[in-house]
Amino acid sequence: MKKLLLILALFSFGVTQAQDLSSYVPARATVVGSLNGSQIFKPEILERLNKSNPGQKLLAALSEKLGYKVTSLDSVGINTSGTAYFYAIRTDSITITNFIFPLQSKKVLDEMYKDQENVASGKYTNVQLSNGTYAAWDDEKLVMSIGSGVTSYFYEYDFEPVKREMQQQANDKPASDESKYEMTETEAAVYEEGRTPYLYNYSLQLYLNKYNNTTLDIIDRAKEGTIDSEYIDVLKEQDAISIRYNIESIDSIYAPDPSSLDKFLHRRSSDLEKEISQLEDKEIQKQLSEVIDNITYYSDSFNISTHQQRYTGYYGLNTEEKDYLVNKWTRLQTNYTMYPASTPITQNKQYMDQFDSDAVINVWNGDMGSLLKEVRNNTMPMMGPLSNNPASFFNNYGQISSNLYLNKESAKIDFNVSFKDEFSKSFERMADSKINKKFFKYINEDKLLGYMSYNFNMEKALEEYPDLLAAQYGGLFGSNMNEAQLLADVFTLVVDEEALGDLIKGDALFYVTSFEEKEYTYTGYEYDEDYNYKEVTKTKTETLPNFMFMCSTESPEFTDKLINYLSISEMVTTTADGYYHINVPKSEVPMDLYFMIKNDIFFLSTSTEDMTAIKRGNYNASLSKKHKKLMRAGNYSMYFKSKALLAQVPTEEMHLAPKEEQQFQYISDNATDFYIKSSKFKNNTMHSELIMEVPDQHVDATTYLLDLIDHLSR
């Protein structure tokens, strides 16, 4: 149900005036995102969504939940002409992710959760959706809060006060014989789907899985009326014995297995009793009941484990106590979010400077270095040198932001990463370069399937790297910063930056022109019964790319010596047209590779035709200004001509099912061009964009993506 509510909030339709809920997002949030409904959820888009396969499934699920037929998403109550937000905040003990959606009506929410306990203390409704997840709403907004405990916080945690608080709460609650068997909404959903809950004891899990399959079969046969003595004999002689075999390997149950096990068994026992009672043959009823009794093992049938771990991280022992705390803290945070923040995100200048109201989606993190620290602390608390806290390792990173734009011609995602202090100055020097324009003389755009370009100033990079690496990673070695700096100084003495910068300038271009089946022979081995082997010649066919790789070099004296050495060593062979064939066993590289150096460019290719044309000076080049600008605009670029690329995919080798083949054909017919490009490093920020063009047969990016999702979900 939690997923249904979240999907509804993201895709529902409203027509009231836009609402700005940014005042409910605190300025201290570590990550903030927004969805601008006015930029995407226009009436014609919502009409398409209503008729789409995902939309129909969503309406059906909503209808089932409400108990009456819902025919359009415009009746859900979310105001999509407003802006929805999500943000994350973190304390030493918990990470909370909040979603805030503008409402035009809370009627549907009130109906969906009318039977659920309201845990709010204010003039709004707050209900628990699942463990660690709460939803609250009033006339203006819907808030969803998802909490998760910070693992390191629970190391050696004293749970005794928590246990007393839980016990006091249990004593204050009216007792019920059935209360310990009541399933949560999530547990009930798992049960209804015919799945077993997750158990920590693997042997116990095997037992419950086998029990589940056996009893589901009994229920199905009871409904069909196909249970007879022969079937019961099979149960006794096969299934019951198999289940007892699993039981024999269980010597303990880990918390919280007892509760999950007993809830499941209690529900299944009730279902079995109901079906068995309707059987006409009383003898069959009796025999079947005996079999079920002999294969049903509640938690009191086992020895409960009381051993302790070395530390009690979040996924160790005391799981119920941790869940209790996470639920308590998340519930409180949900209540806080229902009121405006004392210092809202709109007062954060960094956030407001990057925010673009024309973007459909905006995501921002104000300090990527701090985020990396949190990830490191939460995932690598016990990993030797990496568990040190070298501030310099993270302090070079600034803010990061991203935006999604959808318009008539394309969909675009941009990324912006900023750096701090000396790191930024070093990066700007290394990035002070443009790709070699001579490369353009050796590209035929008509043959292109895709390319990747990259360029940086190798000489300046070699000058910057030693100090940069010492400052960046020296802290990983604890107090050995002096040693790290010494290694950097030695590197500077040994390496001739200018010479290496001439040999490898730092720019490169790789492009693919086609894929084709190639048959090649290679030397393999065959073994007899005594494991003696002999060499044999084998043949194999593979679909391989034809490509060209180019990089700039201005060190002819060294490269001539290197090529001469490779020739003497018979590692390369000179072809009739004057370029070189690399002698590599086909078992290692299943294609012919050729290289040469001409016009201060190193060429590496699989095509003798292209290499011969370049060597003779009659290569037929053709490259538009669009791609030239793309390659020279920044430090890297990428391009995929998806439709032409997919047309060369050997689908017969993929062994697709009929449905998958139809989906692949739709993708191929509606494929489009993709670009990734970067801009020059500016204002301490690296900027890049991913652009997807809209095919001619589609109206705009929004409808194109929606149609794609619709077809792939069928």
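A salt bridge is defined here as a side-chain nitrogen of Lys or Arg within 4 Å of a carboxyl oxygen of Asp or Glu. The model is predicted, with local features requiring pLDDT of at least 70 and side-chain atom pairs pLDDT 80 or more, while totals for chains, interfaces and linings use all residues. Side-chain values rest on heavy atoms, without hydrogens and water, and residues are numbered from 1 along each chain as its sequence is written.

By the salt-bridge rule, the count is 17. Side chains of opposite charge can pair when their charged atoms come close. Lys505 pairs with Glu554, with the closest N and O atoms 3.7 Å apart. Helices (H or I, at least four residues) and strands (E, at least two) are DSSP runs, numbered from the N terminus. Relative accessible area sets the exposure classes: buried is under 20%, exposed over 50%, and partly exposed in between (1.4 Å probe, protein chains only). Lys505 is partly exposed, at 27%. Glu554 is also partly exposed, at 43%.

A second salt bridge joins Arg616 to Asp577, with 2.8 Å between the closest N and O atoms. Arg616 belongs to helix H20 (residues 608-616), whereas Asp577 lies in the loop between strand E13 (572-574) and strand E14 (580-582); the pair therefore ties together parts 39 residues apart in sequence. Arg616 is exposed, with a relative accessible area of 59%. Asp577 is partly exposed, at 27%.

Another salt bridge lies within a helix. Glu160 and Lys163 meet through their side chains, at 3.7 Å from N to O. Both residues are in helix H5 (residues 160-172), three residues apart, or about one turn of the helix. Glu160 is partly exposed, at 40% relative accessibility. Lys163 is partly exposed as well, at 32%.

The surface also carries a nonpolar patch. Patches consist of residues with over 30% relative accessible area and no salt bridge; like charges are joined within 9 Å, and nonpolar side chains (Val, Leu, Ile, Met, Phe, Trp, Tyr) within 5 Å. Tyr525, Tyr527, Tyr531 and Tyr533 make up this patch, with about 580 Å² of accessible area together. Tyr533 is placed in strand E12 (residues 533-552). Tyr533 counts as exposed, at 55% relative accessibility.

Notes
Accessible areas come from the Shrake-Rupley method with a 1.4 Å probe; for residues, only the protein chains shown count as cover.
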